[in-house]
Amino acid sequence: MFRLGSRLLTILVYLAYPIALLVFYLTRRQEFFMAVLVPLVSFCLLSVFRAVYDAPRPYEELRIDPITKKDTKGKSFPSRHVFSAFLIAGVIWSLSKVFGIFYFMIGACIAASRVIGGVHYPKDVLAGGIAGILFWFIGQRLFLTIFLQS
């Protein structure tokens with residue numbers, strides 16, 4: 001039941017992103033590319049950092065059998081699931097504060113599930129959440145300043 005709930009939360013976030021992109025396209029066309037490019041660049045930068053930093057996962061160091069099935073070695077810090085959830089919540093926040101708060105809460109649940117599931121340390125999910133928020137808000141401000149203020 002835990003794995004199913006964790007998986008459903010992740011799916012809920014990832015399904016919300018294309019819907020948010022559609023809303024941006026239909027209502028704020030100038031900002032549509034921001035909602036595509038900021039997450040894309042952010043995700044790539046985070047992935048490169050994770051590969052270089054290559055932190056071990058709890059099940060590697062503690063020799064535990066994680067609840068969440070995962071065979072990946074290393075690349076634990078920061079959590080990319082949590083990063084993505086919070087980054088997407090930031091995109092949604094830009095459209096609707098109410099839905100944004102809802103998706104930040106889902107991101108927090110995903111973070112908890114990654115730790116409880118044994119695939120991340122608390123520092124991994126905390127860093128992922130903070131990075132997701134910062135990348136969105138800084139990226140959004142940069143994009144708006146560079147492309148829409150000229």
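Let's start at a helix contact. Ala 35, Pro 39, Ser 42, Phe 43, Leu 46, Ser 47 and Arg 50 on α2 meet Arg 80, Phe 83, Ser 84, Leu 87 and Val 91 on α4. Sorted by class, that contact holds seven nonpolar, three polar and two charged residues. Keep in mind that this is a predicted model.

Now the geometry of that pair. Helix α2 covers residues 29-53, and helix α4 covers residues 80-95. Their axes lie 11 Å apart, and the packing angle is about 160°. Angles over 145 degrees count as roughly antiparallel, so α2 and α4 are roughly antiparallel to each other. The crossing of α2 past α4 is right-handed.

Next, α2 against α6. These axes come within 9 Å and cross at roughly 135°. That makes α2 and α6 oblique to each other. This crossing is right-handed. Who makes the contact? From α2 we have Gln 30, Glu 31, Phe 33, Met 34, Ala 35, Leu 37, Val 38, Pro 39, Ser 42 and Leu 45. From α6 come Phe 135, Trp 136, Gly 139, Gln 140, Phe 143, Leu 144 and Leu 148. The class count is twelve nonpolar, four polar and one charged.

On to the core. The largest nonpolar core has 30 residues. Which of them touch the most other members? Val 13, Met 34, Val 91 and Tyr 103 do. Helices α1, α2, α4, α5 (97-116) and α6 (122-148) each supply at least two core residues. The largest share comes from α4, with nine residues.

Take Val 13 in more detail. Leaving out residues up to four places away in sequence, Val 13 touches Ala 85, Ile 88, Tyr 103, Ile 106 and Ile 110.

Thr 10 sits in helix α1, residues 2-27. Is Thr 10 buried or exposed? Buried: its relative accessible area is 8%, and the cut-off for buried is under 20%. Beyond its neighbours within four places in sequence, Thr 10 is in contact with His 81 and Ile 110.

Last stop, Tyr 53. This residue belongs to helix α2. Tyr 53 has 47% relative accessibility, so it counts as partly exposed. Tyr 53 and Lys 75 are 22 residues apart in sequence. In space, C-alpha to C-alpha, Tyr 53 and Lys 75 are 7.2 Å apart.

Conventions: Residues are numbered from 1 along each chain as its sequence is written. This is a predicted model: local features need pLDDT of at least 70, side-chain atom pairs count only at pLDDT 80 or more; totals for chains, interfaces and linings use all residues. Side-chain values use heavy atoms; hydrogens and water are left out. Axes are lines fitted to C-alpha atoms, for helices over the stretch in contact, and angles run from 0 to 180 degrees between N-to-C directions. Helices (H or I, at least four residues) and strands (E, at least two) are DSSP runs, numbered from the N terminus. Angles under 35 degrees count as roughly parallel, over 145 as roughly antiparallel, 65 to 115 as roughly perpendicular and the rest as oblique. A crossing is left-handed if the near helix is turned anticlockwise from the far one by less than a right angle, and right-handed if clockwise. Contact means heavy atoms within 4.5 Å. Ala, Val, Leu, Ile, Met, Phe, Trp, Tyr, Cys and Pro count as nonpolar, Asp, Glu, Lys and Arg as charged, and the others, Gly among them, as polar. Buried means under 20% relative accessible area, exposed over 50%, partly exposed in between (1.4 Å probe, protein chains only). A nonpolar core is a set of buried Ala, Val, Leu, Ile, Met, Phe, Trp, Tyr and Cys residues joined through side-chain atoms within 4.5 Å.
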